[in-house]
Amino acid sequence: MRLIRLVFISAVLPFLMILSACQDEAEKKQSFLNVGEFAVNKKATYIEVRDGAGRTLALIPRGGKAPEGFAPTMVVEVPVQRVIAYRPFEVGVMKALGVMDTLVGVTAPKDKWFIDDIRPRFDSGQVAFIGDYSRLDYERIKAQHPDLVMTWDPSIVPMMDSLGIPVVVTSTPVASCLSTHIRFAEFIAPFFGKEAEAQAFYQRIRTALADIRERTKGMKAPKAMWGDIFEKRVLVEPGNAWVAELVGLAQSDYLFDDVYGRSCIEISTERFLYSGKDADIYFTYRTPARGATSKAALARTNPLLARVRPLSPEGRTYAPLPHYSQSSDRLDEILTEISAILHPQAYPGHQLKYFVELPDTDPQVSKD
Amino acid sequence: MSFFIRVWRAVGSIHLTVVVCFLLTLDLAIGYLSLRANLGIFVPLGDVGLFSWLQTYGVHNWHATAWFFALLVLLTVLSLNTFVCTTDRLVHIVKSGRGRAGWRVKLAPHVMHYAVLLILAGYVCSYVLSSSLPGRALRPGESLDLPDGAGVVTFVDFAPEIYHGNRLEGFDGYVLAANAQLVLTSGGVRREAVLNFNSPVYWGGYGLFMNDFAPRKGRGGMKQTFIRMTIRRDPSSLVYLAGLALFVLGMGLYVFDRGMKR
């Protein structure tokens with residue numbers, strides 16, 4: 001009995017003390033938000049954000065006083081008015097937040113954009129192509145006078161520091177999980193002062209996820225894989241990536257669940273083919289414009305691919321359409337579509353909008 | 001029996017050790033699963049400090065971090081238990097063994113117990129006292145000032161070691177070791193150093209840890225040339241190192257004891 005009392009005193013009381021100390025910080029808790037490794041911490045006079053590279057930036061009201069301890073390029077005046085975005089994903093999230101008018105630069109030329117709102121902005125000169133990520137045009141970036149550059153590539157930080165342009169790194173060393181992916185808007189919302197819009201966006205996606213869970217409950221689990229064999233490398237989505245979690249949530253088996261790391265992670269050809277022999281459904285990275293027009297066309301790009309079961313007549317293979325990666329403002333629809341691909345019987349009459357199912361062979365084109 | 005003695009005996013009880021070890025095993029099993037599913041919550045723990053992390057990430061993600069709060073408490077109890085138990089035993093050995101030949105070697109397990117406590121204390125101090133500046137990137141020729149005027153770090157260039165061979169075909173031409181050449185200056189003192197993953201550089205009381213570099217390929221690749229570092233000040237590393245030294249001493253005594261028995 002004495003021992004039980006002792007354990008209680010020595011273990012439970014300190015535990016409660018920590019809790020009560022944390023209760024004193026209740027206000028802080030309310031003002032703190034973390035989205036995976038990203039974090040937003042509202043302080044008295046500014047907002048502290050932690051980006052994907054672990055850098056801490058201070059967001060201050062426009063014209064406000066910068067807090068101490070932050071280099072000039074680590075201070076961002078918000079709401080930002082001129083933004084360069086590297087990834088189509090961020091552009092889509094900006095669209096969801098209703099701040100497309102702040103976009104002034106992207107890393108894909110006009111003819112690579114397939115969503116509304118972008119091409120007219122190229123034509124009007126509001127949005128500029130700042131160069132491919134491997135060949136950036138720094139003169140052009142400077143000429144666009146951005147308040148902020150959102151990038152997945154931390155290697156540009158020193159150069160942007162020398163140009164006096166704040167950078168926020170929007171990717172993390174490992175792939176984003178489903179929760180981080182769907183809540184990313186909440187991380188970038190404070191840069192635009194659009195927290196309420198981000199909440200509404202998140203709630204829409206949560207509703208879609210709840211619907212997916214409900215519709216697929218108790219269904220037989222198909223086996224899915226997501227990746228590709230390229231000329232020299234085999235790249236897949238790891239088990240910690242959002243697509244893998246979504247496949248699991250939709251009552252399906254993801255065959256690279258044991259692979260951990262960054263998005264598009266390299267694995268051995270043997271590992272890819274080993275999983276491929278059991279797979280029912282295969283998602284390729286390639287769009288039809290990059291050769292994914294049919295199973296036979298995919299097999300021609302690399303004969304080894306023909307060994308995976310989904311490329312045989314009894315399997316199913318899907319390719320993303322060009323606007324898929326640019327439609328993150330429709331993330332709820334994309335998640336639902338992936339679920340519909342995994343369980344077509346749960347979504348009768350569903351028309352694919354973001355993916356295309358590949359036929360066995362390319363349609364014969366008449367010479368007439 | 002005074003209250004203090006009763007508490008002392010209860011805290012040093014072997015029954016308490018068993019209960020706490022069982023609870024620790026259970027807690028760490030939960031922690032293993034939680035870490036796998038929520039790694040992103042725990043990554044900032046290395047940068048922001050223990051208390052700050054507990055008040056933000058810890059409290060905010062209660063469902064995923066409760067095991068960590070419990071771990072802190074259980075480790076505290078286990079440390080107290082180990083300290084009391086070891087001290088009791090030590091006093092007994094010193095009292096009963098002094099004067100006999102080789103009595104000092106019997107201290108070996110207890111020295112190792114104290115060493116583990118010191119190492120644990122070092123870890124706690126590290127989480128509490130250390131400061132960290134993550135995500136500091138430099139291009140060749142650029143410099144950065146360490147906090148509090150502790151010195152200047154200049155990244156000169158890479159002298160990379162590159163893999164050549166066909167055993168790992170996909171990695172032919174990739175960098176094995178970046179060998180970032182640094183020049184460190186402080187108050188007229190200059191030193192050259194080489195920074196790599198798992199090979200940090202210490203200067204002016206700060207540790208420089210490599211997080212990332214580019215290009216990863218010998219012939220350039222597609223990224224800019226840069227290194228990204230975390231700059232960390234950790235005064236408690238001395239405590240941790242002292243714990244390791246004490247542990248080695250304990251091991252030495254233990255080996256000596258075995259030798260004598262043979």
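This passage walks through the interface between two chains and then visits a few places within them.

The structure is a predicted model, in which local features need pLDDT of at least 70 and side-chain atom pairs count only at pLDDT 80 or more, while totals for chains, interfaces and linings use all residues. Residues are numbered from 1 along each chain as its sequence is written, chains are lettered from A and ligands numbered from 1 in the order in which they are written, and side-chain values use heavy atoms, with hydrogens and water left out.

At the interface, 38 residues of chain B are in contact with 37 residues of chain A (contact means heavy atoms within 4.5 Å). Together the two chains bury about 3,500 Å², with 67% of this on carbon and sulfur atoms; buried area is the accessible area (1.4 Å probe) that two parts lose on being put together, summed over both. Q55(B), H60(B) and Q224(B) supply 16% of the area that chain B buries against chain A, more than any other three residues. Three residue pairs across the interface are in polar contact, both residues being at pLDDT 80 or more. A polar contact is a pair of N or O atoms within 3.5 Å; within protein, one must be able to donate a hydrogen and the other to accept it, and residues adjacent in sequence count only if both atoms are side-chain atoms. Helix 6 of chain B gives the largest share of the side that touches chain A, six residues. Helices (H or I, at least four residues) and strands (E, at least two) are DSSP runs, numbered from the N terminus.

Within chain B, S126(B) is found in helix 7 (residues 108–129). This serine counts as buried because its relative accessibility is 12%, where buried means under 20% relative accessible area, exposed over 50%, and partly exposed in between (1.4 Å probe, protein chains only). Its side chain makes a polar contact with that of D234(B), at 2.8 Å. Beyond its neighbours within four places in sequence, S126(B) is in contact with R232(B), D234(B) and S236(B).

Turning to chain A, helix 12 (residues 331–342) is largely enclosed by the rest of the structure, because eleven of its twelve residues are buried. Among them are L331(A), D332(A) and L342(A). By contrast, G218(A) is exposed, with a relative accessible area of 72%. This glycine sits in the loop between helix 8 (195–216) and strand 11 (223–229) of chain A. From G218(A) to D278(A) there are 60 residues in sequence and 21 Å in space, C-alpha to C-alpha.
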